[in-house]
Amino acid sequence: MGCSPVGRFHEGDGGTALMDAPAAYPVPAEERTGPLWAALREVMDPEIPISLVDLGLIYDVRREGSTVEVDLTFTATACPCMAFIHFDIQDRLQREPGVAEVRVNEVWTPAWTKARISPEGREMLKTMGVSM
């Protein structure tokens, strides 16, 4: 399954810049494997006990040396938990062997939809009485 490249936003010291996203972006569910993805599955949404990965909020994870970069989206631009989520991602990934720095990029393209919630996330929501 191939996707055409789309833009993504990267927040850096100089503000927000539009950058090109990888061709398969967000990363397809079947490719969300490895220790960094496993670690991110331990990071829960602050409002409901479901991982950010299962909610479909993590779009990509890349590692170069001791630096990890995470592309993250939110369900809304005014999410009150944005700072907490950034901190939780950085805190969890910095506990991984060899990780010294974690950069979290907020991305808004493509926009999040409930279709991005994993089957496991849907089941957890259902057990909490949330219909999908």
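1. Among contacts in the chain between residues at least 6 apart in sequence, 55% join residues at least 24 apart; contact here means heavy atoms within 4.5 Å.

2. This is a predicted model, in which local features need pLDDT of at least 70 and side-chain atom pairs count only at pLDDT 80 or more, while totals for chains, interfaces and linings use all residues. Residues are numbered from 1 along each chain as its sequence is written, and side-chain values use heavy atoms, with hydrogens and water left out.

3. The chain has three helices and five strands, in the order β-β-α-β-β-α-β-α from the N terminus. Helices (H or I, at least four residues) and strands (E, at least two) are DSSP runs, numbered from the N terminus.

4. An open sheet with mixed pairing is formed by three strands, ordered β3-β4-β5; two strands pair if DSSP finds at least two bridges between them. Because β3 (58–64) and β5 (101–106) each have a single partner strand, they stand at the edges, and one side of each lacks a neighbour in the sheet. From one strand to the next the twist averages 15°.

5. Six bridges join β3 to β4 (residues 67–72) in the antiparallel sense. D60 has D71 in β4 as its bridge partner.

6. Helix α2 (residues 82–93) packs on this sheet and touches β3, β4 and β5. The direction of α2 makes about 150° with that of β5; axes are lines fitted to C-alpha atoms, for helices over the stretch in contact, and angles run from 0 to 180 degrees between N-to-C directions.

7. Of the 132 residues, 40% count as buried, meaning under 20% relative accessible area with a 1.4 Å probe, protein chains only.

Conventions:
Buried means under 20% relative accessible area, exposed over 50%, partly exposed in between (1.4 Å probe, protein chains only).
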